[in-house]
Amino acid sequence: MLSELLGHVRALHRNTCLYLISNAIQAVSAGALAVLYTLYLASLGYNTSFIGLVLDVGIVGGGLGVIPASALVHRLGWRATLIWSDVIGALALAVQLVWPVTPVILITTVGVGASVALLLVVNTPLLTAYSPEAERTAVFGLSNALVFLGGVGGTLLGGELPAWFALPAVRDWPPLAALDAWLVVGAQARTYELALLATGVLALPSIIPVLLLTRARPPGAADLRGRTATGGRWDPRALLRRVWPRAAQWERVWAVARGTIGRFSATQVLVGVGAGLFGPYLNLYFVKQLHASTVLYGQLAAGLAVLLAVASLAIVPVARRIGTIRSAVVVQALSLPFLLALGFAPTLAIAAGAFLIRGPLMNAASPPLQTYLMGSVPHEQRVLASSVYTVSSQIATGVGAGLGGLLIAQLGYGFVFSSTAGLYAASIALLVVWFGHRGRVMAPSPPPSAAEPPQPLTAGPIR
C-alpha cells in the first residue's frame, strides 16, 4: 500500500500539491478550534442549547451559502475565492472574540459559515480538475488523510494552549497583558480567547500556497476561473440556463428525488443529522461529563486524527477489492457498537477507546461514497448531484447540531448517542437496499467535454 501511495503522490499535479499543503496548514488551526470553541462559549456562561443554536446557524448558513458561492467561484476564480474565504472567516472570528455577546456571536457565525461555504465549493472541484477519474478515490483519500494529520498538531495544541496561557509568566507578559482591555472578564474565558487568537495566527501561512496556484490545467479541465481549455469566456447566462432550468422543472426534480441523486442524498441526510446530534459536543462530553482535562481531550483528538488518516488511505484498496458501497456499509456497521459504548461507557478509559475506534470506522466510508456518486451519475447531472449532496448534508448536520444541544440539556447524552446510532443504522440499511446491487467500483466514465466545468462534491464533517 505504501508503494502505491507514493506512486499517487508522485503523479499529483502541482496545483493539487499546493492546495493540499494549504489545507493541511489550515487543518492545524481547525483542529485547535474544534477543541476550544465550544469550551470557550461554555466559559462565557452559555448552555448547550445556545451552543447548539450557534453551531446550527453556522452549519445551516454555510449549507445555504453553497448556492451563491458557486456563482462567486465562477466569477472570481478558485484562487480569489480561497483568499476571500480566509479573510471573511478571520474577520468574523476576530469580531466575535472582541464582542462575545449573543447577537454578535450569531451574526458573525453566519460569516464563518459563509467562509466555509466558499471552501466547500472549491475543495473537490479543484481536486477533480487535476486528477484522472481512475485515481479520484486515492486523491480524495490522500486529501482527507493530510487534513486529519494536519489536525493532529492542532488538537494537541488546542488541549495545551489554555493551560499555557493560564501560567502567570505568560498571562502577565506585557504584549498579552495589553490585550486585557479587549478581552472578556474572567480568567478562564480569557485563556480560551487567547488560545483562539493563537489558532488564528497559525492559519496565516496557509495563504502562501494559495497565492502560488497557477492556471495550468490538463486538456478539457476548467482553469482557476472556471473557463475551459478551449478559451471560451465565462457566460453567466449560459451557466443559469445550464443549472437552474433543470432545477426549476418539477418533473426533473421528482425524477432526481426518485433516482440515484435523491436516494444517495437521503442516506447522507440521516448521517448528517446523526453526526450533528453528538459530534459538536464531544469535547463538552469528555470534559464536563467524563471529567477529562482539555489536555487529555486534545491528545485523544490528535490520536483520532492519526487513525482517521490511516483509515482514509486503508479504505482505498478495500473499496477496489469489494466495491465502494459494500466497503462503506461494512465499516459503518462495524462502528455502531463502539458508538453506543462511547455514549454509555462507565469509565473514561472505555469511552476513550470507543472514541478512537468508532471515528476511523465511520469516516473511512467517505472516499468510496464520494467516488460512487461521481461515477454513478451522467456528467450532465454532476453539478446537480454535487449541489444536492452538499446542501442537504450541511443543512442536515446543522439541524442535528441544533437538536443535539436541546436534547442534551433535556434528556442527557445517552439519548443523543442512541438516536445517532439509530439514524446511522437506517442510513446503512438504505444504502444496502438502494445501492447494494451496484456496490462494485464504477468503471471510469468518459472524460468531460471541454465546455463542462468541474463538479463540486464535499467530504463533509467528521461523522
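This section describes the overall composition of a predicted model and the packing of selected helices within it.

The protein contains 21 helices and zero strands. Of its 463 residues, 51% count as buried. Among contacts with a separation of 6 or more, 84% are accounted for by residues 24 or more positions apart.

Packed pairs of helices are described here by two quantities, the angle between their axes and the distance between the axes. Helix α16, residues 294-322, and helix α18, residues 348-363, have axes that come within 8 Å of each other and cross at roughly 30 degrees. Because angles under 35 degrees count as roughly parallel, α16 is described as roughly parallel to α18. The crossing of α16 with α18 is right-handed. On the α16 side, the residues in contact are Leu-296, Leu-300, Ala-301, Gly-303, Leu-304, Leu-307, Leu-308 and Ala-311. The α18 side contributes Leu-348, Ala-352, Phe-355, Leu-356, Gly-359, Pro-360 and Asn-363. Classed by residue type, this contact of α16 with α18 comprises twelve nonpolar and three polar residues, with no charged residues.

Helix α17, residues 324-344, packs with helix α21, residues 413-435; the two axes come within 9 Å and cross at roughly 165 degrees. The angle makes α17 roughly antiparallel to α21, and the crossing of the two helices is left-handed. From α17, the contact involves Ile-325, Val-329, Gln-332, Ala-333, Leu-336, Leu-339, Leu-340, Leu-342, Gly-343 and Phe-344. The residues of α21 in this contact are Gly-414, Phe-417, Ser-418, Thr-420, Ala-421, Tyr-424, Ala-425, Ile-428, Leu-431, Val-432 and Phe-435. By class, 16 nonpolar and five polar residues make up the contact of α17 with α21, and no charged residues take part.

Helix α14, residues 260-278, and helix α19, residues 366-376, pack at an angle of about 165 degrees, and their axes are 10 Å apart. With this angle, α14 is roughly antiparallel to α19. The crossing of α14 and α19 is left-handed. Thr-260, Phe-264 and Gln-268 of α14 meet Leu-369, Tyr-372, Leu-373 and Ser-376 of α19. The contact of α14 with α19 has four nonpolar and three polar residues, and charged residues are absent from it.

The burial of α19 was also examined. Eleven of the eleven residues of α19 are buried, and the helix is therefore largely enclosed by the rest of the structure. The buried residues of α19 are Ser-366, Pro-367, Pro-368, Leu-369, Gln-370, Thr-371, Tyr-372, Leu-373, Met-374, Gly-375 and Ser-376. Among them, Leu-369, Tyr-372, Leu-373 and Ser-376 take part in the contact with α14.

A further position in α14 is Val-269. The relative accessible area of Val-269 is 28%, so this residue is classed as partly exposed. When neighbours within four places in sequence are left aside, Val-269 is in contact with Ser-392 and Ala-396. Val-269 and Tyr-389 lie 120 residues apart along the chain, and their C-alpha atoms are separated by 8.6 Å.

Key:
Residues are numbered from 1 along each chain as its sequence is written. This is a predicted model: local features need pLDDT of at least 70, side-chain atom pairs count only at pLDDT 80 or more; totals for chains, interfaces and linings use all residues. Side-chain values use heavy atoms; hydrogens and water are left out. Axes are lines fitted to C-alpha atoms, for helices over the stretch in contact, and angles run from 0 to 180 degrees between N-to-C directions. Helices (H or I, at least four residues) and strands (E, at least two) are DSSP runs, numbered from the N terminus. Angles under 35 degrees count as roughly parallel, over 145 as roughly antiparallel, 65 to 115 as roughly perpendicular and the rest as oblique. A crossing is left-handed if the near helix is turned anticlockwise from the far one by less than a right angle, and right-handed if clockwise. Contact means heavy atoms within 4.5 Å. Ala, Val, Leu, Ile, Met, Phe, Trp, Tyr, Cys and Pro count as nonpolar, Asp, Glu, Lys and Arg as charged, and the others, Gly among them, as polar. Buried means under 20% relative accessible area, exposed over 50%, partly exposed in between (1.4 Å probe, protein chains only).
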